[in-house]
Amino acid sequence: MTPSSACIALVQQFEGCAKKQADGTFAAYPDPGTGGDPWTIGWGTTGPDIKSGLVWTQQQCDDRFERDITNFATRVADAIGTAPTTQHQFDAMVSFAYNVGVANLANSTLLKLHKAGNFTGAQQQFTLWDRAAGKVLPGLLRRRTAEAALYGS
């Protein structure tokens, strides 16, 4: 499976292409939950190459997002395996993994329930992931609610 336009729109809605500077470039910024690592740039891009002081153009942000979302989709599909999955369910899990990481999805009750065919139970798991650095973040709760809605549609 590949991410649909609904998946891409959902990720971009919640990630935003943040920290646009006056010259139109984008600056890396610290994680809102920790105030530090992981540093982020563009459409929620993190990684060892993203550090304080990094600046990208809009094109660099867009190109990296395209590469990253494709990578996440492949890894999510691998984690799901042969479990029956609708496009909406897949899209919701790709958005979730893009934010919390594929390893967290792979080890989650959400995925276990999905693979067992308990889609209602899996859908209810999204909103349990509303914390960063031990604090409930309203933005994460909004995102998880949107992911759960997409998963169930």
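This is a predicted model: local features need pLDDT of at least 70, side-chain atom pairs count only at pLDDT 80 or more; totals for chains, interfaces and linings use all residues.
Buried here means under 20% relative accessible area, exposed means over 50%, and partly exposed is what sits in between, using a 1.4 Å probe and protein chains only. Residues are numbered from 1 along each chain as its sequence is written, and side-chain values use heavy atoms, with hydrogens and water left out. Helices (H or I, at least four residues) and strands (E, at least two) are DSSP runs, numbered from the N terminus.

**Helix α3, the enclosed one**

- Helix α3 takes in residues 87–100, and it is largely enclosed by the rest of the structure because 11 of its 14 residues are buried.
- The expected span is 1.5 Å times one less than the number of residues.
- Just past the end of α3 comes G101, with a positive phi of about 100 degrees.

- For the 23 residues of α2, 1.5 Å a residue should give a span of 33 Å, and the end C-alpha atoms sit 32 Å apart, which agrees.
- The buried residues of α2 are C61, R64, F65, D68, I69, F72, A73, V76, A79 and I80, and they pack against α1, β1 (26–27), β2 (55–56), α3, α4 and α5.
- An α-helix has 3.6 residues a turn, so residues three or four places apart point the same way.
- Q58 belongs to α2 and counts as partly exposed because its relative accessibility is 30%.
- The side chain of Q58 makes a polar contact of 2.8 Å with the side chain of D62. A polar contact is a pair of N or O atoms within 3.5 Å; within protein, one must be able to donate a hydrogen and the other to accept it, and residues adjacent in sequence count only if both atoms are side-chain atoms.
- Beyond its neighbours within four places in sequence, Q58 touches C17, F26 and W43.
- After α2 comes G81, whose phi is positive, near 65 degrees.

**Helices α1 and α7, side by side**

- How do α1 and α7 cross? Their axes come within 10 Å and cross at roughly 170 degrees, where axes are lines fitted to C-alpha atoms, for helices over the stretch in contact, and angles run from 0 to 180 degrees between N-to-C directions.
- That makes α1 and α7 roughly antiparallel to each other, since angles over 145 degrees count that way.
- On the α1 side, A6, L10, V11, F14 and E15 meet G139, R142, R143, A146, E147 and L150 of α7.
- E15 sits in α1 (residues 5–15) and counts as buried because its relative accessibility is 14%.
- A polar contact of 2.7 Å links the side chains of E15 and R143.
- Setting aside neighbours within four places in sequence, E15 also has contacts that include Y29, W43 and Y98.

**The loop between α2 and α3**

- P84 lies in this loop and is exposed, with a relative accessible area of 61%.
- Leaving out neighbours within four places in sequence, P84 is in contact with Q89, H114 and F119.
- T85 is found in the loop as well, and its side chain has a polar contact of 2.8 Å with the side chain of H114.
- A polar atom of the T85 side chain also lies 2.9 Å from the backbone oxygen of A83.

- Most residues other than glycine have a negative phi, and most peptide bonds are trans.
- K19, which is not a glycine, has a positive phi of about 65 degrees.
- K19 is placed in the loop between α1 and β1 and is partly exposed, at 49% relative accessible area.
- The peptide bond from D37 to P38 is cis, with omega near -5 degrees, and P38 lies in the loop between β1 and β2.

Technical notes. Contact means heavy atoms within 4.5 Å. Angles under 35 degrees count as roughly parallel, over 145 as roughly antiparallel, 65 to 115 as roughly perpendicular and the rest as oblique.
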